[in-house]
Amino acid sequence: MSPRPAAPAVVVDRVACTGHGVCAGILEGAVTLDEWGYPIVHAGVEPDPSHVATAVTLCPARALLARRSS
């Protein structure tokens, strides 16, 4: 069994984000919302890569990005 691939880093485009909060619902623990409903990405928490892909796809403002380290 091969090890699980490293999760991509979750990045929020703060200009594009409109605070829907979909990302926090999908990436529970890795993303929380501030008092205005905007996401806070927590460093050091590795969400499941498939959840990251889902959150990026479902972000209504297209403000969520997944970046792999090189």
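The protein exposes about 4700 Å². Carbon and sulfur atoms supply 57% of that area. I keep in mind throughout that this is a predicted model.

**Overall fold**

I went through the secondary structure next. I find 2 helices and 4 strands in the protein. Along the sequence they follow the pattern β-α-β-β-α-β.

Then I checked the dimensions. The C-alpha trace spans about 40 × 20 × 20 Å along its principal axes.

Of the 70 residues, 29% are buried. For contacts, I took those between residues at least 6 apart in sequence, and 59% of these join residues at least 24 apart.

I note 5 positive and 6 negative charges in the protein. Their mean positions are 10 Å apart.

**The nonpolar core**

Which members of the largest nonpolar core touch the most other members? They are V10, L27, V31 and L64, in a core of 13 residues. Strand 1 (9–12), helix 1 and helix 2 (49–58) each supply at least two residues of this core.

I set aside residues up to four places away in sequence. V10 then touches L27, V41, P47, V52, L64 and L65. Two of those partners, L27 and L64, are themselves named with V10 among the core members that touch the most others.

**Helix 2: V52 and V56**

I compared two valines here. V52 lies in helix 2, and V56 is found in helix 2 as well.

Is V52 buried or exposed? V52 has 2% relative accessibility, so it counts as buried. V56 has 24%, so it counts as partly exposed. The cut-off for buried is under 20%.

Their contacts come next, leaving aside neighbours within four places in sequence. V52 is in contact with P8, V10, L27, P47 and A66. V56 is in contact with R62, L64, L65 and A66. A66 is on the list for V52 and on the list for V56.

I checked two C-alpha separations too. V52 and A63 are 11 residues apart along the chain, and their C-alpha atoms are separated by 13 Å. V56 and A7 are 49 residues apart in sequence and 13 Å apart in space.

**Helix 1: G25**

G25 has its place in helix 1 (residues 22–26). I read 55% relative accessibility for G25, so it counts as exposed. I then looked across to A55, which is 30 residues from G25 along the chain. The C-alpha atoms of G25 and A55 are separated by 8.7 Å.

Where is R62 placed? I find R62 in the loop between helix 2 and strand 4. Its relative accessible area is 58%, so R62 is exposed. R62 is also one of the contacts of V56 in helix 2.

I looked up the backbone of R62 as well. R62 has a positive phi of about 55°, although it is not a glycine. Most residues other than glycine have a negative phi. I flag R62 for that positive phi.

**Strand 4: R67**

R67 is found in strand 4 (residues 64–67). R67 counts as partly exposed because its relative accessibility is 49%, and the cut-off for exposed is over 50%.

Which residues does R67 touch, not counting those up to four places away in sequence? I list P8, A9 and V11. P8 lies 59 residues from R67 in sequence. In space, the two C-alpha atoms are 5.2 Å apart. P8 also turns up among the contacts of V52.

Terms used. Residues numbered from 1 in each chain as written. Predicted model: local features only at pLDDT ≥ 70, side-chain atom pairs only at ≥ 80, totals over all residues. Heavy atoms only, no water. Buried < 20%, exposed > 50% of the residue type's maximum accessible area, 1.4 Å probe, protein only. Contact = heavy atoms within 4.5 Å. Areas by Shrake-Rupley, 256 points an atom, 1.4 Å probe, with all protein chains shown as cover. Lys, Arg positive; Asp, Glu negative; His and termini not counted. Charge placed at Lys NZ, Arg CZ, Asp CG, Glu CD. Core = buried A, V, L, I, M, F, W, Y, C linked by side-chain atoms within 4.5 Å.
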